[in-house]
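I am opening a notebook on a structure that is new to me. My plan is to look up a few places one after another and to write down what I find.

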Amino acid sequence: MTIQIVVTFDVLPERLEPTLAAFQELAAHTRREEGALRFDVFRSQAEEHTVVLVEDWADQHAIDLHMKEEYTAAFLAKVDGAFRAAARVHRLVEIGG
């Protein structure tokens, strides 16, 4: 079973454009990872400063490897201080069926 994660970020208005660019760059690199089955970045229509990541990983090992990548560290450095609050991470569990 894969690991599905949704993460929401509340971006400071003055940091929005460079943060969106950093997310796009991160996504381009991450999608090339063997264990990254899905890594999509969205912007909320209702809340213009909210960025949403939708991720699907092969397993925890794939996530652990992703977090050790140089481009992941570079992304974290670029967005340091860009958020109003800590990211909200939701590991999803299917209900029913």
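Helices (H or I, at least four residues) and strands (E, at least two) are DSSP runs, numbered from the N terminus. The model is predicted, so I keep in mind that local features need pLDDT of at least 70 and side-chain atom pairs pLDDT 80 or more, while totals for chains, interfaces and linings use all residues. Residues are numbered from 1 along each chain as its sequence is written, and side-chain values use heavy atoms, without hydrogens and water.

Entry one, helix α2. I looked up residues 60–68, which make up α2, and found Ala62, Ile63 and His66 buried. They lie on the same side of α2, because they cover an arc of only 100° around the axis, the arc being taken from the directions from the helix axis to the C-beta atoms. On the face turned away from this buried side I noted the exposed residues His61 and Lys68. The cover over the buried residues includes β1, α1, β2, β3 (50–57), α3 and β4.

Entry two, Glu33. I found Glu33 in the loop between α1 (16–30) and β2 (36–43). Apart from neighbours within four places in sequence, Glu33 is in contact (heavy atoms within 4.5 Å) with Trp57, Ala62, His66, Glu69 and Tyr71. Which side chain does the side chain of Glu33 meet in a polar contact? I noted His66, at 2.7 Å; such a contact is a pair of N or O atoms within 3.5 Å, and within protein one must be able to donate a hydrogen and the other to accept it, while residues adjacent in sequence count only if both atoms are side-chain atoms.

Rings of Phe, Tyr and Trp (its six-membered ring) pair if their centres lie within 6.5 Å, and planes under 30 degrees apart count as stacked, over 60 as edge-to-face and the rest as tilted. I noted five aromatic pairs in the structure. Phe9 and Phe83 form a tilted one, 5.1 Å centre to centre with 35° between the planes. This pair links distant parts of the chain, 74 residues apart. Phe9 is buried at 11% relative accessible area, whereas Phe83 is partly exposed at 22%.

Key:
Buried means under 20% relative accessible area, exposed over 50%, partly exposed in between (1.4 Å probe, protein chains only).
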